[in-house]
Amino acid sequence: MTAMTSPHSHVNSISTLLFTPISPRPRHGFQSLRRGQTQGKRSHLLHSTSSSCSTLSFGFWNSFRLRMSSEPLPPLPERRIVQVGLGMLSVDFLATVASFPKPDDKIRSTSLKVQGGGNSGNALTCVARLGLSPRLISKVADDSQGQSIIEELEADGVDTSYIVVSKEGNSPFTYLIIDEQTKTRTCIHQPGYPLAPDEVSSSNLLSALDGARILYFDGRFPDTALEVAKEATSRNIPILIDAERLREGLDDLLDLADYAVCSAKFPQAWTEAPSIPTALLSMLLRLPKLKFVIVTLGEEGCVMLERTSDDPQLEEVDVDNLLDLLKQRKDDGAMVPTCVSSAITKLRADGIGTVTGRLILGTAEKIPPSELVDTTGAGDAFIGATIYAICAEMPPEKMLPFAAQVAAANCRALGARAGLPRRSDPRMVPFLS
């Protein structure tokens, strides 16, 4: 990382701990694996006092809920501007139904809600509610929907002065059908006109990038995105890519990326690797600038592979086997998000190669069925929280539970933004202190 202090540089002191369950509270009772131990190696790799950690996690969480009203909020990160390079905006029409209709069915919705949407709009709204000052480059039409998109973003503190308003076409919109029975959603999207490179003037681009801490792309408008990414790279501004699906021009953006957050299917679709761990390892090999890659897995949590400096003395470990051991070590009884990390090691995937780094397994919050409303925008909320965490220089073991908590909060309301927590939300205090 060039324009900012690495958010992971101060976590190397825990690198001798293997498979230690981590949650957003002080850690106690960990035991390390000394290099050179071979007898009973598997049991040593799993040697930690996890039961006490789980208990402490729950007590810590409840104590924060009780004390929130009397405690001041922690200071915001310095250099508060977050720059989103390019991304999609839309209006979402959300209709909930008792169950998804069959062909030729005529049914009634149980509720209807209209609100802003689009990956970038959702992620940057999340960033703004957490207290940062994001700027957004995008495009809408000069119609009622475009006006409502801009007004909603401005109300949440997003700088919309770099959004192009076109006299032609329509603003993007999406119909979403929310199935109350399965808690799934179906999206039907109508795109607007693309944002062309010549619609972002050089002066506006330089103004947008001025003081930027990080640049975020959701993969839309690839030609314009690449021009913005190249300018950001020349200015040493780190880049985060939302790798939701295979898209035209995404490979060129990934080549310039410092961080990537992927949907569950993307890593294997992009690399054709046989498993998620080998796919993440393949991504780091193919993208030498990438510092970490995260794959989000819904209620199964997430997996992160973080690159570190090479050390020829480190032992090679099969990355698939390592993830299996992490899964055995996670606390299945924890209600709040936690994570389990390996030590820094040389990760191997047969037929692909090796990468020095560490593998981290994050869990999702266990949301009671009565509280789960809609998963729309959960991935965008996770990315927004990740952007905040990088700006706040959170280590991964704090960042992953934080992002999972923000995503879970968003699932408790209809739509991609209604449930996004604000900085003053009691659920955020353990992470923002």
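Colleague: At roughly what angle do the axes of helix H5 (residues 202–209) and helix H6 (residues 222–234) cross?

Modeller: Bear in mind that this is a predicted model, where local features need pLDDT of at least 70, side-chain atom pairs count only at pLDDT 80 or more, and totals for chains, interfaces and linings use all residues. Numbering starts from 1 along each chain as its sequence is written, and side-chain values use heavy atoms, without hydrogens or water. With axes as lines fitted to C-alpha atoms over the stretch in contact, and angles running from 0 to 180 degrees between N-to-C directions, H5 and H6 come within 11 Å and cross at roughly 55°.

Colleague: Which H6 residues do Leu 205, Leu 206 and Leu 209 in H5 meet?

Modeller: Contact here means heavy atoms within 4.5 Å. On that basis, the three H5 leucines, Leu 205, Leu 206 and Leu 209, meet Val 228, Glu 231 and Ala 232.

Colleague: Why is the pair of Phe 93 and Phe 173 edge-to-face?

Modeller: Rings of Phe, Tyr and Trp (its six-membered ring) pair if their centres lie within 6.5 Å; planes under 30 degrees apart are stacked, over 60 edge-to-face, the rest tilted. For Phe 93 and Phe 173 the centres are 6.3 Å apart, and the pair is edge-to-face because the planes stand at 85°.

Colleague: Is Phe 173 buried or exposed?

Modeller: Buried means under 20% relative accessible area, exposed over 50%, and partly exposed in between (1.4 Å probe, protein chains only). Phe 93, at 24%, is partly exposed. Phe 173 has 17% relative accessibility, so the call is buried.

Conventions: Helix = DSSP H or I, 4+ residues; strand = E, 2+ residues; numbered from the N terminus.
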